[in-house]
Amino acid sequence: MSDTRTLTGDPFVRGVFESLLKHRLFYTEAFEIYRTSGSLHGDSRGLFDYGPPGCALQSNIIDVWRRHFVLEEDMLEVDCTILTPEEVFKTSGHVDKFEDWMCKDSKSGGFLRADHLIENVLEARLKGDKAARGVAVDDTKKGDVKVGAKKEKRKVKDVKAVRLTDSEVNEYEEILAKIDNYDGTELGELIERLDIRNPDGNNKVLPPVPFNLMFKTTLGPKQRLSRLSKTRNGSRPIPKLQEAP
């Protein structure tokens, strides 16, 4: 249970809080009625719409940001497009390198980031080793370079007190120190060799597959129709639009 308390001193329950926000229309799931009715092909979870209170809250947050950076820090504000030509991302390396390696749970079908999965399991094993040796575990020790360095990851809930050999401890610590440098093949080998499983259910996971965080789109009818004309096998191609002289 969370140690966070409300203003009245009651334990903070996230589910109750989220239910209240939805009831007050701070936000709601986008296209929820279509998804729940089964008429929507695909999945829209992760997309949200802000209601009137949510819009007001967002405006207040932006206003605080603007007062600090623009007025106090004397920075210049710009508002840029959220779309970028593919050539720019190729030059920056995002197309080839901006991807995560994901593992699929063999039973539940859920996806997990391979590096986070390995990191969480090995950290839990090291904590279990310390518990078996009678060493106190301090998760907030100073000087830990990983504290706050990444987004909060799903932690292993039940840490078992199992003593490791000294060589295993050294190997796990070395892997954790280099976890960001492994590619998909190396992550898959670690998962197989160290028997890394999904902590939720102890299910095996499938080999990692790349998930690129760049999403393609097209601008205007010319690119769209040009692409379609190349993919319609055996049918009359859609004529390409010509640029005006």
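**Close-up views of a predicted chain**

View 1. Tyr34 counts as partly exposed because its relative accessibility is 45%; buried means under 20% relative accessible area, exposed over 50%, and partly exposed in between (1.4 Å probe, protein chains only). The model is predicted: local features need pLDDT of at least 70 and side-chain atom pairs pLDDT 80 or more, while totals for chains, interfaces and linings use all residues. Residues are numbered from 1 along each chain as its sequence is written, and side-chain values use heavy atoms, with hydrogens and water left out. Tyr34 sits in helix H2, which covers residues 32-37. Helices (H or I, at least four residues) and strands (E, at least two) are DSSP runs numbered from the N terminus. Together with Phe31, Ile33 and Leu47, Tyr34 makes a nonpolar surface patch of about 450 Å². Such a patch joins nonpolar side chains (Val, Leu, Ile, Met, Phe, Trp, Tyr) within 5 Å, and like charges within 9 Å, among residues with over 30% relative accessible area and no salt bridge. Areas come from the Shrake-Rupley method with a 1.4 Å probe; for residues, only the protein chains shown count as cover.

**View 2. The whole chain, for orientation.** Stepping back, you can find 9 helices and 5 strands. Followed along the sequence, they give the pattern α-β-α-β-α-α-α-β-β-α-α-α-β-α. The chain has 245 residues, and 20% of them are buried. Its accessible surface is about 19400 Å², with 55% belonging to carbon and sulfur atoms. Of the contacts between residues at least 6 apart in sequence, 60% join residues at least 24 apart; a contact means heavy atoms within 4.5 Å.

**View 3. The largest nonpolar core.** This core has 21 residues, and the members touching the most others are Ile118, Leu122, Ile175, Ile191, Leu194 and Ile196. Helix H6 (114-133), helix H7 (166-177) and helix H8 (184-193) are the elements that give two or more residues to this core. H6 provides the largest share, with 6 residues. A nonpolar core is a set of buried Ala, Val, Leu, Ile, Met, Phe, Trp, Tyr and Cys residues joined through side-chain atoms within 4.5 Å. Which residues does Leu122 touch, not counting those up to four places away in sequence? Its partners are Tyr172, Ile175, Leu176, Leu194 and Ile196.

**View 4. Helix H6 from end to end.** H6 is mostly covered, with 14 of its 20 residues buried. The end C-alpha atoms of H6 are 29 Å apart, which agrees with the 28 Å that its 20 residues should span at 1.5 Å a residue; the expected span is 1.5 Å times one less than the number of residues. Within H6, Asp129 and Arg133 lie 4 residues apart, about one turn of the helix. Their side chains form a salt bridge whose closest N and O atoms are 2.8 Å apart. Asp129 is buried, because its relative accessible area is 4%, whereas Arg133 is partly exposed at 32%. Just after H6 comes Gly134, which takes a positive phi of about 80°.

View 5. Asp63 is partly exposed, with a relative accessible area of 34%, and Arg67 is partly exposed at 40% relative accessibility. Another bridge pairs Glu77 with Arg66, their closest N and O atoms being 2.8 Å apart. This pair links distant parts of the chain, 11 residues apart: Arg66 is in H3, while Glu77 is in the loop between H3 and helix H4 (86-92). Glu77 is partly exposed at 40% relative accessibility, as is Arg66 at 32%.

**View 6. Two loop residues with positive phi.** Leu25 is not a glycine, yet it has a positive phi of about 60°. You will find Leu25 in the loop between helix H1 (14-23) and strand S1 (27-29). Its relative accessibility is 41%, so Leu25 counts as partly exposed. Asp74, also not a glycine, has a positive phi of about 60°. Where is Asp74 placed? Look in the loop between H3 and H4. Is Asp74 buried or exposed? At 64% relative accessibility, Asp74 counts as exposed.

Key. Salt bridge = Lys/Arg side-chain N within 4 Å of Asp/Glu carboxyl O.
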